Amino acid sequence: MPPANVFDEARDALERSVRELREQLSQAEEALEKLGGKATRRSPGRSPGRRGPGRPKGSTNKSSGGTAAPRKRRKRRGGTRADQAVNLIESQPGISASDVAKTMKIKPNYLYRVLGDLEKEGRVKKDGRQYYPTGG
């Protein structure tokens, strides 16, 4: 069996490669955004990328002293999706979930979960495929 340090060296080499690839990916995404393209975002549940354990948000593994431009974040729309859905149902009683989703410009499969929670909370009631506001 090889000595333990061989495994440590192999793991360290792989970790360095992963860090370098993440940095290259980040640079490519930034360049694509600057050229007007849309960089793909990682899906929920994936690792935070360049941010290592114990590093504060916004910190990177860059060793160079250069400063990167801060990323622009989208501003939130007013209220939560649930509140938006309730307001829409109150303004259009009897509206279907798919119509609510189209109006809110979100996917219906996400909205069904939101509406189910609203129904459990007693904020809306469902009759067939139609949703109605409740009195309280």
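Reader: What makes the span of helix α4 close to the expected one?
Author: Helix α4 covers residues 108–121, which is 14 residues, and reaches 20 Å from its first C-alpha to its last. The expected span is 1.5 Å times one less than the number of residues, and for α4 that expectation is 20 Å. A helix here is a DSSP run of H or I with at least four residues, a strand is a run of E with at least two, and both are numbered from the N terminus. Please keep in mind that this is a predicted model, where local features need pLDDT of at least 70, side-chain atom pairs count only at pLDDT 80 or more, and totals for chains, interfaces and linings use all residues. Residues are numbered from 1 along each chain as its sequence is written, and side-chain values use heavy atoms, with hydrogens and water left out.

Reader: Which residues of α4 are buried, and how do you know that they line one face?
Author: They are Leu-111, Val-114, Leu-115 and Leu-118. Buried means under 20% relative accessible area, exposed over 50%, and partly exposed in between, with a 1.4 Å probe and protein chains only. Down the axis of α4, these buried residues fall within an arc of 100 degrees, so they line one face of the helix. The arc is taken over the directions from the helix axis to the C-beta atoms. On the face turned away from the buried side, α4 carries the exposed residues Asn-109 and Lys-120.

Reader: What covers the buried residues of α4?
Author: The cover includes α2, α3, β2 (124–127) and β3 (130–133). Contact means heavy atoms within 4.5 Å.

Reader: Why is Val-124 called buried?
Author: Val-124 has a relative accessible area of 2%, and the cut-off is under 20%, so Val-124 counts as buried. Val-124 is found in strand β2. Leaving aside residues up to four places away in sequence, Val-124 touches Val-86, Ile-89, Leu-115, Leu-118, Glu-119, Tyr-131, Tyr-132 and Thr-134.

Reader: And why is Lys-105 called exposed?
Author: Its relative accessible area is 71%, against a cut-off of over 50%, so Lys-105 counts as exposed. Lys-105 lies in the loop between α3 and α4.

Reader: What makes the phi of Lys-105 worth a look?
Author: Phi of Lys-105 is near 60 degrees, a positive value in a residue other than glycine. Most residues other than glycine have a negative phi. Just after α4, Gly-122 also takes a positive phi, of about 80 degrees.

Reader: Which residues of α3 are buried, and what puts them on the same side?
Author: In α3, Ala-97, Val-100, Ala-101 and Met-104 are buried. They cover an arc of only 100 degrees around the axis, which puts them on the same side of α3. Their cover includes α2, β1 (95–96), α4 and β3.

Reader: How do α2 and α3 pack, and which residues make the contact?
Author: Helix α2 (residues 81–91) and helix α3 (residues 97–104) pack at an angle of about 115 degrees, with their axes 11 Å apart. Axes are lines fitted to C-alpha atoms, for helices over the stretch in contact, and angles run from 0 to 180 degrees between N-to-C directions. From α2 come Arg-81, Gln-84, Ala-85, Leu-88 and Ile-89, and from α3 come Val-100, Thr-103 and Met-104.
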